[in-house]
Amino acid sequence: MPDAACLKVPKKLGEQAIRLVTNLELFNRELKIQQVDNHLCIPLTAEPLAAVLKKFEINLQDFEISVHNFPEREKRHFTHFDLLSDKLPPNILTRIPRAIDFVGDIAIVEIPPELADHKKPIGEALLKAHKQTSTVLAKSGAVEGVYRLRDFEVIAGVHKTVTVYREYGCVYHVDVAKAYFSPRLSSEHNRVASQVKEGETVVDLFAGVGPFSILIAKKYPAVKVYAVDVNPDAIAFLKRNVYLNRVEKQVVPILGDARKVVREELTEVADRVIMNLPETAIEYVDVACDAIRSDGGIMHYYGFTKDSEPLEKARVRLTEAVRRSNRQLKKILLAKTVREVAPYTWQVVVDAEIQ
Ligand SMILES: C[S@@+](CC[C@H](N)C(=O)[O-])C[C@H]1O[C@@H](n2cnc3c(N)ncnc32)[C@H](O)[C@@H]1O
């Protein structure tokens, strides 16, 4: 509790005194006003000079100046909406995005086209509202291409797309413009990792910078993970992350196309295969089946669907694809929606036991 100059007045003069010190720009808003007996102790930013004391004498018949020990006021957290409320018209304010992704010290926001002229103040407000953030990126395109990347525009703060992100006790170097990464999948990374059994061999077919592979390796010291990705930048970050998380003995990063890598190096090795490439994973079900041991294993299949019954559709598509791959889907262990990626479009996951 800090000491500060104090204006002590009888309670009945409290309102008048607060208005006076506010007008004189002497009111210390960081400290709490205290009540002592029938008096109020009002915290001041400085000891009042003679001219100010004169004003107190004129306006407040009964007062005392002293030093008092004041408790601090809880700091109010200002959201980016609060900070923009006097800068943008109300019809614009209501359309400001609420969903913000935080990847380390980077905030990522989707600004609708009609707000394009207001990007800068929105970015500045986000920087101010989130003190740990040093860069605000606006999405400037959809996730696309084989590497599943999107373009970004820096709208406030430091010009960068690289950061360090922490998730479930692991640390990841990521460049959101060069290798796919989404903090929205963090519970999924953990859910899958929690199912792994000590001693398993896991093949992460579309590994990115390693959020499934590294977490699994860190949780289970006797698990081996083959982490495959076709994007050289993803593999470069994955290698760095393997080193940072000290799982070099367990995670094997492999640069290449999943189909070719499995055919050449990973046939029938896996107790578990992770297929997090929702856009086209269905085309790689045969590859996953080839990677799974001849006596069976688990497949974590991700897909996108616009269907009115997304889970049923995903189950059927996967079952048929496994059958076409000359394996059998013994049991669906789980089918659930992971998130809505666009209006009426869902990312789903199906965990299946393959024979
Ligand atoms: C949606 S991202 C998932 C990354 C990671 N699993 C995660 O959760 O952050 C899909 C990844 O698959 C990679 N990819 C796409 N096609 C591939 C292929 N044929 N073989 C291997 N990797 C591929 C992309 O480069 C991308 O990094």
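**Briefing: salt bridges and a loop residue**

Glu312 is partly exposed at 38% relative accessibility (buried means under 20% relative accessible area, exposed over 50%, partly exposed in between, with a 1.4 Å probe and protein chains only). The model is predicted: local features need pLDDT of at least 70, side-chain atom pairs count only at pLDDT 80 or more, and totals for chains, interfaces and linings use all residues. Residues are numbered from 1 along each chain as its sequence is written, and side-chain values use heavy atoms, leaving out hydrogens and water.

**Salt bridges**
- The count comes to 18 salt bridges (a side-chain nitrogen of Lys or Arg within 4 Å of a carboxyl oxygen of Asp or Glu).
- Glu312 pairs with Arg315, with the closest N and O atoms 2.7 Å apart.
- Both lie in helix α11 (residues 310-324), 3 residues apart, about one turn of the helix (helices are DSSP runs of H or I, at least four residues, and strands are runs of E, at least two, numbered from the N terminus).
- Salt bridges that share partners join Glu188, Arg191, Lys336 and Asp351 into one network.

**Links across the chain**
- Glu110 and Lys139 form a salt bridge at 3.7 Å, N to O.
- Glu110 sits in the loop between β6 and α5 and Lys139 in strand β7, so the pair ties together parts 29 residues apart in sequence.
- Lys139 is buried at 17%, whereas Glu110 is partly exposed at 48%.

**Leu24**
- Leu24 lies in the loop between α1 (14-23) and β2 (34-36).
- Leu24 touches Val52, Lys55 and Phe56, not counting residues up to four places away in sequence (contact means heavy atoms within 4.5 Å).
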